[in-house]
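Here is a quick walk through one protein model, written for someone who would rather look than calculate. Keep the viewer open and follow along.

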Amino acid sequence: MALTPFRYPETPFLRMRLFATLLLVFMAAVFVTASHFVDAHPAIPYLRAFAEASMVGGIADWFAVTALFRHPLGVPIPHTAIIPRNKDRIGDALADFIRSNFLTPLVVARRLESVDIAGAAARWLTAPRAPGGRRTGLPQLATRLIDALDHAAIGKMVREAASKKLRAMELSPVLAGVVEAAIDGKRHEPVVDVAIQWAARTLDAEESTIRDLVTDRTSWLLRLASVDDRLADSIVDALRRLLIEVAASPEHPLRIKITEGLRDFAFDLRHLPRVQAKVEAIKLDLLDNPALGDWLDGLWGNARAALVNAINNPEATLGGGFGETMRKFGERLEADPALRHAVNVYARRAGVGLVNDYGDAIVALISDTIRGWDARTVTDKLESAVGRDLQYIRINGTLIGGLVGLAIYTVSQAIG
């Protein structure tokens with residue numbers, strides 16, 4: 001049977017845990033050896049007392065460290081596996097700690113007083129292009145912060161927020177305002193022109209259909225006299241002349257009727273409950289459509305991609321006249337202390353306002369995230385973060401326990 005080769009641990013935590021365990025094993029070996037040769041030399045009992053106390057201290061600290069994360073040796077001893085059993089309480093306590101010490105308006109305001117946000121923005125807007133085509137500093141930091149976000153959770157939040165907002169919004173007054181504004185600015189006229197052109201093309205394409213309908217509804221006797229052909233010609237010619245006249249005359253009565261119909265429709269949207277109910281039903285049907293759901297799902301992804309591209313490629317984003325305007329604004333911001341102070345004050349107020357409005361939501365996100373982790377995930381994360389220092393506790397407990405045991409044995413021998 002082949003033996004599995006020993007592999008030296010890769011992480012500092014695992015290396016320190018191995019060292020602490022080997023030190024405990026070494027003290028056990030010293031204790032056994034000293035017990036066997038206890039009469040060989042007067043110093044051996046002192047070495048034995050040191051090793052014995054070291055084992056006691058090392059095992060006690062091993063038990064204490066292990067009990068934080070799991071049951072020692074798999075035995076469900078009471079008050080062990082403390083972190084997995086209390087992960088929800090730990091998450092709530094961590095969230096409350098962050099809320100009380102970091103996300104209060106007063107703390108944020110004090111921290112932002114020493115931050116020159118306007119100066120950083122001015123330097124970014126006016127900084128020359130770095131080698132490789134990207135600007136260093138703030139863009140890389142912003143990109144990493146964006147990449148570190150939980151995009152699935154944010155995408156879901158954006159979709160739910162947009163859907164909730166659309167469902168709560170009364171669409172009828174909005175449509176009424178759009179129609180009225182279009183009529184007042186005569187922006188509906190191009191739409192009417194397009195509709196007339198479409199009607200003319202449809203008439204040309206369906207002329208044969210109209211003639212067939214007239215023929216089908218004309219008696220055989222009239223068809224013998226070709227009355228159906230003359231009647232069809234009259235209908236088609238009349239419709240064609242009507243469309244030509246409407247297209248040519250902005251003041252045509254039919255155009256006026258269309259405008260009046262649009263105004264009546266806007267009035268109905270504002271004041272008639274049955275029309276409003278129909279519009280709301282159509283809106284809800286659209287919101288329940290999977291295609292619209294897919295579009296809402298892509299809102300955050302598209303916004304994130306555009307934001308990252310704008311941050312990493314400012315020359316492309318800030319090209320042309322807009323880019324020159326932004327660079328001049330950066331120069332003005334850098335040279336004008338009063339303007340920079342005003343921007344910093346506004347940024348601080350905005351930051352404090354965000355914390356005041358969304359601090360509880362951020363804290364809830366932290367707490368809910370930890371609640372959503374399984375116990376093993378929490379244990380692994382915390383143990384990897386502080387496990388190396390905890391192994392030092394085991395090592396110190398082994399050595400200090402041995403020294404205390406040696407001191408006690410020495411005092412007892414002196415008294416005896």
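This is a predicted model: local features need pLDDT of at least 70, side-chain atom pairs count only at pLDDT 80 or more; totals for chains, interfaces and linings use all residues.

You'll find His 79 in the loop between H2 and H3.

With a relative accessible area of 75%, Leu 73 is exposed.

## The chain overall

So what is the chain built from? There are 20 helices and zero strands. Of the 416 residues in the chain, 27% are buried. The chain exposes about 27,400 Å², and carbon and sulfur atoms supply 65% of that.

Now for who touches whom. Take the contacts with a separation of 6 or more: residues 24 or more positions apart account for 70% of them.

## The largest nonpolar core

Which residues form the largest nonpolar core? There are eleven: Met 16, Ala 20, Leu 23, Leu 24, Met 27, Val 30, Phe 31, Phe 50, Ala 51, Met 55 and Ile 395. Helix H1 (12–36) and helix H2 (44–69) each supply at least two residues of this core, and H1 gives the most, with seven. As background, nonpolar side chains in soluble globular proteins tend to be buried together.

Skipping its neighbours within four places in sequence, Phe 50 is in contact with Met 27, Leu 399, Gly 402, Leu 403 and Leu 406.

Start with helix H9 (residues 171–184) and helix H15 (residues 273–287): their axes come within 9 Å and cross at roughly 105°. That makes H9 roughly perpendicular to H15, because angles of 65 to 115 degrees count that way. On the H9 side, Leu 171, Ser 172 and Leu 175 meet Gln 276, Val 279, Glu 280 and Lys 283 in H15. Sorted by class, this contact has three nonpolar, two polar and two charged residues.

The other crossing pairs helix H6 (residues 117–126) with helix H19 (residues 337–372), at an angle of about 115° and with axes 7 Å apart. Here Ile 117, Ala 118 and Gly 119 in H6 meet Arg 340, Val 343, Asn 344 and Ala 347 in H19. The residues of this contact divide into four nonpolar, two polar and one charged.

Leu 166 sits in helix H8 (residues 151–168). Is Leu 166 buried, partly exposed or exposed? Its relative accessible area is 29%, so Leu 166 is partly exposed. Apart from neighbours within four places in sequence, Leu 166 is in contact with Lys 283 and Leu 287. Leu 166 and Lys 283 are 117 residues apart in sequence, yet 8.5 Å apart in space, C-alpha to C-alpha. Lys 283 is also one of the H15 residues in the contact with H9.

Gln 413 is placed in helix H20 (residues 375–415) and, at 41% relative accessibility, counts as partly exposed. Between Gln 413 and Tyr 46 there are 9.7 Å in space, C-alpha to C-alpha, while in sequence the two are 367 residues apart.

Notes:
Residues are numbered from 1 along each chain as its sequence is written. Side-chain values use heavy atoms; hydrogens and water are left out. Helices (H or I, at least four residues) and strands (E, at least two) are DSSP runs, numbered from the N terminus. Buried means under 20% relative accessible area, exposed over 50%, partly exposed in between (1.4 Å probe, protein chains only). Contact means heavy atoms within 4.5 Å. Accessible areas come from the Shrake-Rupley method with a 1.4 Å probe; for residues, only the protein chains shown count as cover. Axes are lines fitted to C-alpha atoms, for helices over the stretch in contact, and angles run from 0 to 180 degrees between N-to-C directions. Ala, Val, Leu, Ile, Met, Phe, Trp, Tyr, Cys and Pro count as nonpolar, Asp, Glu, Lys and Arg as charged, and the others, Gly among them, as polar. A nonpolar core is a set of buried Ala, Val, Leu, Ile, Met, Phe, Trp, Tyr and Cys residues joined through side-chain atoms within 4.5 Å. Angles under 35 degrees count as roughly parallel, over 145 as roughly antiparallel, 65 to 115 as roughly perpendicular and the rest as oblique.
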